[in-house]
Amino acid sequence: MIIDASSMPQTVNNVFIVILAISVALLALITFLMIYFVIKYHRKKNTKPKDIEGNLVLEIVWTVIPTLLVLGMFYYGWIGYKIMREVPEDAMEIDVVGRMWAWEFEYENGMKTDTLYVPQNKAIKLNLRSQDVLHSFFIPAFRVKHDVVPGLENGFLWFNPTDLGSYDVLCTEFCGQEHAYMKTKVVVIPQEEYDSWYGTPADTTATGQAQSDEDSAEAPADNIPEGLALLTNEGCIACHTLDGTPMVATSFKGLFGRKQIVISNGVERRITIDDEYFKKSIVEPGADIVKGYDNMMPVPDEPLSEDDMKAMIAYIKGL
């Protein structure tokens, strides 16, 4: 089922339909002419060949018509592209960080989440940045996609969500072993609910209204443990599971207090996983690598505070 849930789908769909219609028409014409000429000009073997002179009119026609068609498709696509790059002045800005293998969203008030929450019928601008490798941010239901390039600080896209609900967010650029699991949701909620969650006064001009229990999406929960919220926002659980299942890194469950063999500067040594090990691993991910795993953990853009590290460690201890 095709879902159209923002202001962009109609523009993208129209361009797609025009290009598809032209392509199908050309395919039908070329196939018909090919079969017609094969039948009409079929000759038995050993017929005497003869020279065929060029036809200026025909050559002009088959040059001019395809050129006009291609220019027409380009122009139609360019008009749609301009709409997708001209951000409304009143758009709400949200910073998006892609890392192996999770998305992080930071709002203008400093709040961070691993799920994107937006108000209905409000222009949203996403400022895209990669912490490690090339990713590609894609919301199929909104028909918006943009590459997230490491080192590039001005990547962005925008949309205006029109329908309440929860929609998939994917990475469409192969970015490593867990690329297929680098997904989250964008949740569109009524303006009033968003203002309450976000902590701002209600906007009297907002038009978003809950249509029904099925259409309305719940606002994000505020009772998530601090340690879990930090682990999620920093992208830790994209590689470290919480249920004991090993993935591209060791699981956090049952890890604290365990005797573990690590590789330090190429030398194996046996240590006990304690508070100091966790703190060192956050600051220097490659210092002590658990044997059997590769070091794929990025260094945080901004150093974590002592309180944040304590909260994360306390949550891991309780698993």
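Mentor: Start with pairing: two strands pair if DSSP finds at least two bridges between them. This is a predicted model. Strand E5 (residues 124-130) and E8 pair in the antiparallel sense over five bridges. Within that pairing, Asn127 stands opposite Phe156 in E8.

Trainee: In what order do the strands of the open sheet run?

Mentor: The order is E3-E2-E1-E5-E8, five strands with mixed pairing. Strand E3 (112-113) and strand E8 (155-159) each have a single partner strand and stand at the edges, so one side of each has no neighbour in the sheet.

Trainee: How many bridges join strand E11 to strand E12?

Mentor: Six bridges join E11 (residues 259-264) and E12 (residues 267-272), and the two strands run antiparallel. Val262 has Arg269 of E12 opposite. Two residues lie between E11 and E12 in this hairpin, and Asn265 in the turn has a positive phi of about 55 degrees.

Trainee: Which residues is Pro119 in contact with, leaving aside its neighbours within four places in sequence?

Mentor: They are Met92, Ile124, Pro161, Val188, Ile189, Gln191 and Tyr194. Met92 is 27 residues from Pro119 in sequence, and their C-alpha atoms are 9.6 Å apart.

Trainee: What describes a pair of aromatic rings?

Mentor: The distance of the centres and the angle of the planes describe such a pair. The count here comes to 14 aromatic pairs. One of them, Tyr194 with Tyr198, is stacked, at 5.5 Å centre to centre and 15 degrees between the planes. These tyrosines are four residues apart in helix H3 (residues 191-198), which means that about one helical turn separates Tyr194 and Tyr198. Both Tyr194 and Tyr198 are buried. By contrast, Tyr277 and Phe278 are edge-to-face because their planes stand at 65 degrees, with ring centres 6.1 Å apart. Tyr277 is buried at 12% relative accessibility, and Phe278 is buried at 6%.

Trainee: Which residues form one aromatic cluster?

Mentor: Tyr107, Tyr117, Tyr194, Trp197 and Tyr198 form it.

Trainee: Last, charges over rings. Where does the charged end of Lys125 sit?

Mentor: The charged end of Lys125 is over the ring of Phe156, 5.0 Å from the ring's centre. Arg85 also lies over the face of Phe156, 3.9 Å from the ring centre.

Conventions. Residues numbered from 1 in each chain as written. Predicted model: local features only at pLDDT ≥ 70, side-chain atom pairs only at ≥ 80, totals over all residues. Heavy atoms only, no water. Contact = heavy atoms within 4.5 Å. Phe/Tyr/Trp six-rings, centres within 6.5 Å; stacked < 30°, edge-to-face > 60°. Buried < 20%, exposed > 50% of the residue type's maximum accessible area, 1.4 Å probe, protein only. Lys NZ or Arg CZ within 6 Å of the ring centre and 35° of its normal.
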